[in-house]
Amino acid sequence: MRGTDEDPTRWPPSWYAATAADPPFAPPLEGDARCDVCIVGAGYTGIGAALRLAEAGADVRLIDQARIGWGASGRNGGQAHVGQRRDPFWLERVLGAEDALHLWRIALDARADLDRLIAGHGIACDFTPGLLHVDHRRRDLTHSRATVEHLRNRYDYPHVDYVYGPALAGMIGARGYHGGMIDRRGGHLHPLNLAIGLARAAMAAGARLHEGTRATALARAAGGGWRVETPRGAISADRVILAGNGYLHGLSRPAEARVMPINNYIAVTEPLGAGRARSLIRDNVAVSDSRFVVYYFRLTPDHRLLFGGGETYGWRFPADIRAFVRPHMLRIFPQLADVALDHGWGGTLAVTPNRLPLLREVAPGLIAIGGYSGLGVVLAPYFGRLVAEAMLGGSPDFDRLARLPVPAFPGGRWLRWPILAAAMSLAALRDRL
Ligand SMILES: Cc1cc2nc3c(=O)[nH]c(=O)nc-3n(C[C@H](O)[C@H](O)[C@H](O)COP(=O)(O)OP(=O)(O)OC[C@H]3O[C@@H](n4cnc5c(N)ncnc54)[C@H](O)[C@@H]3O)c2cc1C
């Protein structure tokens with residue numbers, strides 16, 4: 001299992017785990033079972049799919065090797081970005097104007113769906129509006145300004161504004177940023193409580209959830225459909241959704257060849273008090289920067305700074321994550337040198353070679369989905385829903401996403417790791433230039 005020696009029976013000790021809502025009771029699978037759809041992975045993707053399928057009356061089982069939201073969904077920065085991982089200019093250049101526009105519309109639908117899920121199921125996840133993208137190099141300002149104009153004029157999206165100079169300095173007490181873009185439809189939230197709330201809704205709709213149930217093998221069943229082996233029983237299902245994302249291992253070669261697990265780290269300060277916290281981020285928006293290895297930060301409701309920074313590319317996490325993140329945080333907030341870090345944890349996300357998401361029927365009745373490349377808070381629950389829609393009778397948006405060109409990583413099974421680690425380290429070097 002990824003993430004060093006983490007205990008799958010409990011969430012990693014994070015600020016999220018310390019402030020989590022009551023999770024529903026979801027006992028491991030004991031014995032054999034049958035269902036219409038078996039979903040492997042209870043993060044946003046898997047839960048989003050389970051919720052939609054259960055609402056439509058399908059017999060659905062959702063299994064996780066650990067807990068609900070134990071993967072990236074319960075550990076992430078909680079930043080709700082609007083859009084795809086690639087900006088509109090890149091999407092237009094590579095996919096064409098029409099597809100880029102469709103992808104933007106799907107991202108807006110995902111954002112609206114997040115509001116609907118939170119309000120409709122009464123999920124207390126502290127959603128707070130506003131996301132500020134900041135540029136760490138002066139030369140990136142032209143791109144930010146062009147993006148704002150393009151989104152406003154071509155995409156009819158009035159929620160963004162360009163900020164720079166004194167206006168930016170008034171918004172954040174951070175060092176080394178020149179300007180950027182505020183997106184008022186973006187925001188931030190408590191990611192684990194979102195996962196727990198969605199899981200509660202899925203179970204209430206009739207989905208059966210089994211925590212502590214690892215899918216150890218997957219095979220075509222003799223009479224059609226699939227058989228998912230787990231340690232204490234097997235599930236026979238007409239269809240299977242693989243939603244293991246960065247944690248998926250050993251179940252589907254075509255999917256795993258296209259997503260690469262990457263470890264990313266977060267630390268949370270001791271409570272700073274309202275005044276000091278607001279001196280860091282005046283309007284309580286989320287902030288995310290233009291580095292290749294992105295720095296992202298925001299305040300928590302109890303006036304701490306939650307800071308994400310630093311990546312590794314192996315199976316193990318650093319032994320002392322707070323000490324690993326601290327220099328990154330102090331580079332941006334040197335005024336916090338006297339502040340203790342109460343929490344530090346790591347998580348694993350999945351990136352694809354070109355950062356487009358992977359939604360694909362990898363074999364008849366077997367759908368793999370993931371590879372949000374660091375942008376899953378808004379997209380993952382909705383893409384889970386789209387997979388469900390595709391199974392329930394068809395979804396043009398799923399079909400469109402399934403056609404996106406997502407190549408395998410170069411290097412095959414053994415060489416792709418060293419090749420990726422070298423490429424990522426080189427790209428991260430550019431952040432310092
Ligand atoms: C540190 C960090 C910070 C991030 N910050 C942000 C952010 O601020 N904003 C943003 O939009 N995105 C962010 N992301 C990305 C975002 O969290 C993910 O894109 C999203 O959570 C993906 O959801 P998922 O359901 O696809 O995968 P996950 O949440 O990773 O869920 C996969 C689940 O599958 C289970 N699983 C895997 N294999 C098996 C198996 N064989 N049997 C049973 N269960 C299995 C795992 O236990 C896991 O619970 C961040 C990610 C990390 C790690």
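## Ligand site, salt bridges and backbone of a predicted model

At 5% relative accessibility, S373 counts as buried, because buried means under 20% relative accessible area. This residue belongs to a predicted model, and S373 is placed in the loop between β17 (366-370) and α11. The phi angle of S373 is near 55 degrees, a positive value in a residue other than glycine. Most residues other than glycine have a negative phi.

A second residue with a positive phi is D156, where the angle is near 55 degrees and the residue is again not a glycine. D156 lies in the loop between α5 (141-153) and β5 (160-164). With a relative accessible area of 67%, D156 is exposed, whereas S373 is buried.

The ligand is the next topic. Around the ligand stand 35 residues, and the closest of them are T45, D64, S73, Q79 and A215. Sorted by class, this shell holds 15 nonpolar, 18 polar and 2 charged residues. Which elements each supply at least two residues of the shell around the ligand? They include the helices α2 (44-55) and α11 (376-392), together with the strand β15 (341-351). Seen by domain, at least three residues of the shell come from domain 1 (18-75 + 192-257 + 354-412), and at least three come from domain 2 (128-186 + 261-351).

A backbone N or O atom of Y44 is 3.0 Å from an oxygen atom of the ligand, and a backbone N or O atom of G71 is 3.3 Å from an oxygen atom of the ligand. At A215, a polar backbone atom lies 2.9 Å from a nitrogen atom of the ligand. On its own the ligand has 1,000 Å² of accessible area, and the protein covers 99% of that area.

Salt bridges are found across the structure, and a search of the whole of it gives 22.

| Salt bridge | N to O distance |
|---|---|
| D397 and R105 | 3.1 Å |
| D283 and R282 | 2.9 Å |
| R304 and D342 | 2.9 Å |

In the salt bridge between D397 and R105, the closest N and O atoms are 3.1 Å apart. This pair links distant parts of the chain, since D397 sits in helix α12 (residues 396-402) and R105 in helix α4 (residues 97-120), 292 residues apart. D397 counts as buried at 13% relative accessibility, while R105, with a relative accessible area of 31%, is partly exposed.

The partners R304 and D342 form a salt bridge with their closest N and O atoms 2.9 Å apart. They too link distant parts of the chain, with R304 in the loop between β13 (296-299) and β14 (305-312) and D342 in strand β15, 38 residues apart. Is R304 buried or exposed? R304 has a relative accessible area of 11% and is therefore buried, the cut-off being under 20%. D342, by contrast, is partly exposed at 34%.

The side chains of D283 and R282 meet in a salt bridge as well. In this pair D283 is partly exposed at 36% relative accessibility, and R282 is partly exposed with a relative accessible area of 40%. Besides these pairs, R52, R385 and E389 are linked in a network of salt bridges.

Methods:
Residues numbered from 1 in each chain as written. Predicted model: local features only at pLDDT ≥ 70, side-chain atom pairs only at ≥ 80, totals over all residues. Heavy atoms only, no water. Near = heavy atom within 4 Å. Polar contact = N/O pair within 3.5 Å; in protein donor to acceptor, adjacent residues only side chain to side chain. Areas by Shrake-Rupley, 256 points an atom, 1.4 Å probe, with all protein chains shown as cover. Helix = DSSP H or I, 4+ residues; strand = E, 2+ residues; numbered from the N terminus. Nonpolar A, V, L, I, M, F, W, Y, C, P; charged D, E, K, R; others polar. Domains from an automatic or database assignment. Salt bridge = Lys/Arg side-chain N within 4 Å of Asp/Glu carboxyl O. Buried < 20%, exposed > 50% of the residue type's maximum accessible area, 1.4 Å probe, protein only.
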